[in-house]
Amino acid sequence: MTEFSGTSGLIHSEPLLWEKGRPGRSAFSLPRRDVDFSPPDEGLVGKGPEFPDLSELEVVRHYTRLSQWNFAVDTGMYPLGSCTMKYNPKLHEKYAALQGLSGAHPLLPGSLSQGALCLMHTLERFLAEITGMDAVSLQPAAGAQGELAGMLLIHAYHKRKGEQRTKILIPDTAHGTNPASAALCRYRPVAIRSGENGILSARAVEGLMDEETAGIMVTNPNTLGLFEEEIRQIAAVVHSRGGLVYCDGANLNAVMGMVDMGRCAVDVLHCNLHKTFSTPHGGGGPGAGPLCVQKELAPFLPVPRVVETPDGYALSEDFPLSVGRVHAFYGNFGVLVRAYAYILTMGAKGLKKASQMAVLNANYIKERLKGTFHLPYDRPCMHECVFSDKFQRVHKVTTLDMAKRLMDYGFHPPTIYFPLIVHGALMVEPTETESKEQIDLFVEACKAIAAEAHQEPELLWEAPRRCKVRRMEEAAAARHPCLSG
Ligand SMILES: *Cc1c(COP(=O)(O)O)cnc(C)c1O
């Protein structure tokens, strides 16, 4: 079929700008030059890429079309597991853009930054209260960086005691960044198997915890969407051998107002502001992974720290045991503004309600789909639920086929093939921001797809059929990156 890019709005192909360009076209018209032409010094500016010649309208249409091919939380349900792709109120964007906040220069003296410092100090207190921890650093720019800072902190703690421990215990239900962060700190990640019920037992930890082990990194709720119920017993085992407990709290969206991580005996925890606290998440934009600790570990937090003095707020580097800086200035300030605004607009009751609704929605999906998809761990879940393609595999239909087919039904596919301990995993996190009607539509689409898998599997093998781009080679971009234009 010939593909037209006419005016119907249905654009089936969009060539690259290089393919569209025609020599001599121009997107601007300048007055005739009245000085001699002198080419720029290549030594100074370097030789740039060869850009195609295009008219202004061609450029505008190209980018506008591409922007309409996007899928976002603002266009439809985005049920990725382990990512919390929820709706973030636009109001907080407005606050983050306020001139006094977005224009605040990080090199301004403290006396001219009292508002920003007060905001950061208050946000630290809010997060301490929400998590049940004592002290907070807002510096890390992402969850994974919070983990890295946390590992550095655990290392500094042992070093201070004159110990050099080499291992970190990490359950098989942890997020993939956990072993990577431990390894970056030169710790050797030691895997622990979770039990038949999908959670970790204190007994399993007991068997592996020794004086060579610096601590444990537990994702809680874990990547199966299950709460680690034995966390306190696990912490007791780890503490009894001198180790520390790190909790990956990126999934705080499930537990706000319900779980006090401090009372769960967690020593160090990070949370992801860009998942739970109103920063649009995705596309690799700026984030924040604040690090929260018990008071014995506060001296090790990154500097500078916001302190309250008789003359107001100030940034202090005067923490000799600190692991140092992990980010330029104080982190991603705009993200902090959004989180502060979100917490204030929700209030304590609202935050708790958000978590309750997130958990309710996930359990609703789990219950409605459990006969349709295989549910490997059939027990109450937290913010997300994990299915597998076991029932569909007999028809030679896989998780990937079903995820692609969901796109034909207008849904972003959920997370697939993660966590690794579930073969053919399909991991769904609806979040608290989807309505029952929307969730019902998603459930109906999943049921329809499961029926197709049974009756017309070829529909799934060829999916997506209605998207601009059909099946792409999943790994080509990573294996053969095209790094030049
Ligand atoms: C998202 C996530 C991370 C990583 O956070 P980034 O901000 O993407 O670095 C770590 N752990 C868990 C459980 C997560 O869900």
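The turns below ask how terms apply to this predicted model.

Me: What kind of model is this, and which residues count?
Reply: The model is predicted; local features need pLDDT of at least 70, side-chain atom pairs count only at pLDDT 80 or more, and totals for chains, interfaces and linings use all residues. Residues are numbered from 1 along each chain as its sequence is written, and side-chain values use heavy atoms, with hydrogens and water left out.

Me: Which residues come nearest to the ligand?
Reply: There are 14 residues around the ligand, and Gly143, Ala144, Asp248, His274 and Lys275 come nearest. A residue is near a molecule or strand if one of its heavy atoms lies within 4 Å of it.

Me: How much of the ligand does the protein cover?
Reply: On its own the ligand has 380 Å² of accessible area, and the protein covers 87% of this. Such areas come from the Shrake-Rupley method with a 1.4 Å probe; for residues, only the protein chains shown count as cover.

Me: Which elements give two or more residues to the shell around the ligand?
Reply: They are helix H7 (143–160) and helix H11 (273–276). H7 gives the largest share, three residues. Helices (H or I, at least four residues) and strands (E, at least two) are DSSP runs, numbered from the N terminus.

Me: Why are E1 and E3 said to stand at the edges?
Reply: The open sheet of seven strands has the order E1-E7-E6-E5-E4-E2-E3, with mixed pairing. Strand E1 (135–137) and strand E3 (188–192) each have a single partner strand, so one side of each is left without a neighbour in the sheet. Two strands pair if DSSP finds at least two bridges between them.

Me: How do you know that E6 and E7 pair?
Reply: Three bridges join strand E6 (residues 268–270) to strand E7 (residues 291–293) in the antiparallel sense; the definition asks for at least two, so they pair. One of the bridges sets Val268 against Val293 in E7.

Me: What does H7 lie across?
Reply: H7 lies across strand E2 (167–171), strand E4 (213–219), strand E5 (244–248), E6 and E7, and runs at about 175° to E5. Axes are lines fitted to C-alpha atoms, for helices over the stretch in contact (heavy atoms within 4.5 Å). Angles run from 0 to 180 degrees between N-to-C directions.

Me: What makes E8 and E9 a pair?
Reply: Strand E8 (residues 305–309) and strand E9 (residues 312–316) share five bridges, antiparallel, and at least two are needed, so they count as paired. A hairpin joins E8 to E9 through two residues. Val307 stands opposite Ala314 in E9.
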